[in-house]
Amino acid sequence: MRSTIQARLDERSQKALGKLVNQLGWSPSRVVREGLRLLAVCTLRAGRREIVGLGRFASGLRDLGSNKKHLRGFGR
């Protein structure tokens, strides 16, 4: 992946970028880099989501309480 990008900003985005540059005293590139970093932290997930507190059971299945396949027919 290349380390430089080119982006077309609409008027609203251009104004927001200008305000952030003035307010923070950063370069436009730094504002974009920090914005990407924050967006990545908020949206990208590393690996599979698991329920906190799930343990290991005698069956050896770690996802016994969260996997729908294992819960089929439970409580009937």
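Accessible areas here come from the Shrake-Rupley method with a 1.4 Å probe, and for residues only the protein chains shown count as cover. On that basis, the chain has an accessible surface of about 7,600 Å², with 54% of it belonging to carbon and sulfur atoms.

A quick word on what you're looking at: this is a predicted model, where local features need pLDDT of at least 70 and side-chain atom pairs count only at pLDDT 80 or more, while totals for chains, interfaces and linings use all residues. Residues are numbered from 1 along each chain as its sequence is written, and side-chain values use heavy atoms, leaving out hydrogens and water.

**Overall layout**

The chain has three helices and zero strands (DSSP runs numbered from the N terminus: H or I of at least four residues for helices, E of at least two for strands). Along the sequence that reads α-α-α. Of the 76 residues in the chain, 5% are buried (buried is under 20% relative accessible area, exposed over 50%, partly exposed in between, with a 1.4 Å probe and protein chains only).

**Salt bridges**

There are two salt bridges in the structure, each being a side-chain nitrogen of Lys or Arg within 4 Å of a carboxyl oxygen of Asp or Glu.

| Salt bridge | N to O distance |
|---|---|
| Glu 11 and Lys 15 | 3.3 Å |
| Glu 34 and Arg 37 | 3.1 Å |

Glu 11 and Lys 15 are about one helical turn apart because they sit four residues from each other in helix 1 (residues 11–24). Glu 11 and Lys 15 are both exposed. The other pair, Glu 34 and Arg 37, belongs to helix 2 (residues 28–43), with a spacing of three residues, about one turn of the helix. Glu 34 has 23% relative accessibility, so it counts as partly exposed; Arg 37 is partly exposed too, at 46%.

**The largest pocket**

The largest pocket holds about 550 Å³ of space. On a 1 Å grid over the protein atoms alone, a pocket is an open set of points with protein on both sides within 12 Å along at least five of seven lines, and lining residues have an atom within 4 Å of a point. The volume is the space filled by probe spheres set on the points, which are joined across faces, edges and corners.

The lining has 17 residues, and Ile 5, Ser 29, Val 32, Arg 33 and Leu 36 are the closest to the pocket's centre. Helix 1 and helix 2 are the elements that give two or more residues to this lining, and helix 2 gives the most, with six.

**A nonpolar patch**

Ile 5, Val 32 and Leu 36 also make up a nonpolar surface patch, with about 300 Å² of accessible area together (patch residues have over 30% relative accessible area and no salt bridge; like charges are joined within 9 Å, and nonpolar side chains, namely Val, Leu, Ile, Met, Phe, Trp and Tyr, within 5 Å). Ile 5 sits in the segment before helix 1 and is exposed, with a relative accessible area of 67%.

Terms used
1 Å grid on protein atoms, 1.4 Å probe; cavity = no way out; pocket = protein on both sides within 12 Å on 5 of 7 lines; lining within 4 Å.
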